Amino acid sequence: MIDKSTDIQDTTAPAITYSECYAPFIIFLDIDGVFNCQLFYKSQQFNDYKEAKKSLRKSLKAKEIDRLDYYQSQICRERIGWFNELCKDVNAVVVISSTWRMGKTVEELQEIMDYCGGTFKIIGKTDHNGYERGTEISKWLKDNIKPETHGCNYFDFHKYAIIDDDSDMLLNQRFNFFQTDNYSGLTPNTCYKIKRFFTGRTFGSPNGA
């Protein structure tokens, strides 16, 4: 005979509910090697990357160009345009992880990117703690992605992408990392890969899937 007394469901235990993260897609953005590159600087009549940076800093110091024009001279409008389309297509927001964040507020970074042709929204910047950039990104997620504001814990949040020409990321960020290179910077192909990563869709096909 089967004892059914142990088959009684415990109704006192709280039901476990799961909620999906409702944070927007986040892109951690580097700038040098993404919005500028060897190809861009050569098109501006510079021989190489280092020469370009040195010359532009010299012009700023001599007050031949003002602060915003200095930053604009380092940004390829074509590449920032591709990035604008990426953010618009997937409704992504941006956290600046570039060294450009040093000594600047989020508001100042937004002003610079707006002046350079950006149409995306910057919601934050990573802290500089002297560790690998992947560690700084991980800390930003831990500090900012919370159940009460985003519907999930930071360790369950995977809706982010990292664009950088450096490779100092964490192993658990390998699927979120989209590496550019100093020669060609951001490309339409990189943007396409990120859109597919975020949405699972094939953009440009007749059915969009």
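How many bridges join strand 2 to strand 3, and which way do the two strands run? There are 3 bridges between strand 2 (residues 93–96) and strand 3 (residues 122–125), and the strands run parallel. The model is a predicted one, in which local features need pLDDT of at least 70 and side-chain atom pairs count only at pLDDT 80 or more, while totals for chains, interfaces and linings use all residues. Residues are numbered from 1 along each chain as its sequence is written, and side-chain values use heavy atoms, with hydrogens and water left out.

- Two strands count as paired if DSSP finds at least two bridges between them.
- Helices (H or I, at least four residues) and strands (E, at least two) are DSSP runs, numbered from the N terminus.
- I122 in strand 3 is the bridge partner of V94.
- Between strand 2 and strand 3 the chain passes through helix 5 (residues 106–115), and this β-α-β crossover is right-handed. Right-handed means that, with the strands pointing away from the viewer, the path from the first strand over the helix to the second runs clockwise.
- I123 belongs to strand 3 and counts as partly exposed, at 38% relative accessibility. The cut-offs for relative accessible area are under 20% for buried and over 50% for exposed, with partly exposed in between (1.4 Å probe, protein chains only).
- Leaving aside residues up to four places away in sequence, I123 touches I26, V93, V94, V95, V106 and W140; contact means heavy atoms within 4.5 Å.
- The C-alpha atoms of I123 and E107 are separated by 9.1 Å, and the two residues are 16 residues apart along the chain.

**E136 in helix 6**

- E136 is found in helix 6 (residues 133–144).
- The relative accessible area of E136 is 4%, so this residue is buried.
- From the side chain of E136 to the backbone nitrogen of N129 the distance is 3.2 Å.
- Residues touched by E136, not counting those up to four places away in sequence, include R101, T126 and D127.

**Aromatic rings**

- The whole structure has 15 aromatic pairs. Rings of Phe, Tyr and Trp (its six-membered ring) pair if their centres lie within 6.5 Å; planes under 30 degrees apart count as stacked, over 60 as edge-to-face and the rest as tilted.
- One of the pairs is F28 with Y160, which is edge-to-face at 5.9 Å centre to centre and 90° between the planes.
- F28 is in strand 1 (residues 26–29) and Y160 in strand 4 (residues 160–164), so the pair links distant parts of the chain, 132 residues apart. Both residues are buried.
- The ring centres of F178 and F197 lie 5.5 Å apart with planes at 65°, so this pair is edge-to-face.
- F178 lies in strand 5 (residues 177–179) and F197 in helix 8 (residues 188–199), 19 residues apart in sequence.
- F178 is buried at 12% relative accessible area, whereas F197 is partly exposed at 31%.
- F25, F178, F197 and F198 form one aromatic cluster.

**Positive phi in loops**

- K63 has phi near 60°, a positive value in a residue other than glycine. K63 sits in the loop between helix 2 (49–61) and helix 3 (67–72) and is exposed, at 75% relative accessibility.
- N91, also not glycine, has a positive phi near 55°. Its loop is between helix 4 (77–90) and strand 2, and N91 is exposed at 60% relative accessible area.

Key:
A polar contact is a pair of N or O atoms within 3.5 Å; within protein, one must be able to donate a hydrogen and the other to accept it, and residues adjacent in sequence count only if both atoms are side-chain atoms.
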